[in-house]
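Hello,

Here is the structure you asked to look at. Please open it first, then read the notes below with the model in view.

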Amino acid sequence: MQAETETRWIVLGADGRHVSLGRTEPSEAEIATASHALAAQGLSGWLVRMQGDYYSRARVKLEPLRAIGVAPEANWQAALAAFHAARRRATH
């Protein structure tokens, strides 16, 4: 029997900062609110589906769904590396 994988939707900033939107897919209004909040601070990021337990040492899978905020050309790979560094600090 295989354990069920946790799925969360998060906002991942271009600098690796992130916040959970919850375990259910966010509405268009929630996504727009998050995008406007980033843009108001001059930031960019992505709406991301995260699979796996954030607080375990196992890897999590991040799937970028759409760019939000002010700079859709932001560097996904740099944001991903910063996210994993922040997660390591939080879980170790």
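**What was found**

The buried residues of helix 1 pack against strand 1 (7-13), strand 3 (44-51) and strand 4 (61-69). Please keep in mind that this is a predicted model.

**Helix 1**

Helix 1 runs over residues 28-40, which makes 13 residues. From its first C-alpha to its last it reaches 18 Å, close to the 18 Å expected at 1.5 Å a residue. Which residues of helix 1 are buried? They are Ile 31, Ala 34, Ser 35 and Leu 38. These residues lie on the same side of helix 1, because they cover an arc of only 100° around the axis. The other side of helix 1 has the exposed residues Ala 29, Thr 33, His 36 and Ala 40. Just after helix 1 comes Gly 42, with a positive phi of about 75°.

**Helix 2**

Helix 2 covers residues 76-91 and has 16 residues. Its reach from first C-alpha to last is 22 Å, close to the 22 Å expected at 1.5 Å a residue. Buried in helix 2 are Trp 76, Ala 79, Leu 80, Phe 83, His 84, Ala 86, Arg 87 and Thr 91. Their arc around the axis is only 165°, so they sit on the same side of helix 2. Gln 77 and Arg 89 are exposed, on the face of helix 2 turned away from its buried side. What do the buried residues of helix 2 pack against? They pack against strand 1, strand 2, strand 3 and strand 4.

Ala 86 counts as buried because its relative accessible area is 18%, and buried means under 20%. Not counting residues up to four places away in sequence, Ala 86 touches His 18 and Tyr 54. Ala 86 and Met 50 are 36 residues apart along the chain, and their C-alpha atoms are separated by 15 Å.

**His 18 in strand 2**

His 18 lies in strand 2. Is His 18 buried or partly exposed? With a relative accessible area of 28%, His 18 is partly exposed. Apart from residues up to four places away in sequence, His 18 touches Ile 10, Val 11, Leu 12, Tyr 54, Phe 83 and Ala 86. His 18 and Arg 59 are 41 residues apart in sequence, and from C-alpha to C-alpha they are 16 Å apart in space.

**Ala 14 and Ser 44**

Ala 14 is in the loop between strand 1 and strand 2, while Ser 44 is in strand 3. The relative accessibility of Ala 14 is 29%, so Ala 14 counts as partly exposed. Ser 44 counts as buried because its relative accessibility is 9%.

Leaving out residues up to four places away in sequence, Ala 14 touches Ser 44, Gly 45, Trp 46, Ala 74, Ala 78 and Ala 79. With the neighbours up to four places away again left out, Ser 44 touches Gly 13, Ala 14, Leu 38, Ile 68, Gly 69, Val 70, Ala 71 and Ala 74. Ala 14 and Gly 45 are 31 residues apart along the chain, yet their C-alpha atoms are separated by 4.9 Å.

**Gly 52**

Where is Gly 52 found? Gly 52 is in the loop between strand 3 and strand 4. Gly 52 is buried because its relative accessible area is 11%. Besides neighbours within four places in sequence, Gly 52 is in contact with Thr 5, Glu 6 and Val 60. Gly 52 and Arg 17 are 35 residues apart in sequence and, C-alpha to C-alpha, 18 Å apart in space.

**The largest pocket**

The volume of the largest pocket is about 230 Å³. How many residues line the largest pocket? The lining has 15 residues, and those nearest the centre of the pocket are Val 11, Gly 13, Arg 17, Leu 38 and Leu 43. Strand 1, strand 2 (18-22) and helix 1 each supply at least two residues of this lining. Sorted by class, the lining has eight nonpolar, five polar and two charged residues.

Regards

Conventions: Residues are numbered from 1 along each chain as its sequence is written. This is a predicted model: local features need pLDDT of at least 70, side-chain atom pairs count only at pLDDT 80 or more; totals for chains, interfaces and linings use all residues. Side-chain values use heavy atoms; hydrogens and water are left out. Helices (H or I, at least four residues) and strands (E, at least two) are DSSP runs, numbered from the N terminus. The expected span of a helix is 1.5 Å times one less than its number of residues. Buried means under 20% relative accessible area, exposed over 50%, partly exposed in between (1.4 Å probe, protein chains only). The arc is that of the directions from the helix axis to the C-beta atoms. Contact means heavy atoms within 4.5 Å. On a 1 Å grid over the protein atoms alone, a cavity is a set of points where a 1.4 Å probe fits but cannot get out, and a pocket is an open set with protein on both sides within 12 Å along at least five of seven lines; lining residues have an atom within 4 Å of a point. Grid points are joined across faces, edges and corners, and a volume is the space filled by probe spheres set on the points. Ala, Val, Leu, Ile, Met, Phe, Trp, Tyr, Cys and Pro count as nonpolar, Asp, Glu, Lys and Arg as charged, and the others, Gly among them, as polar.
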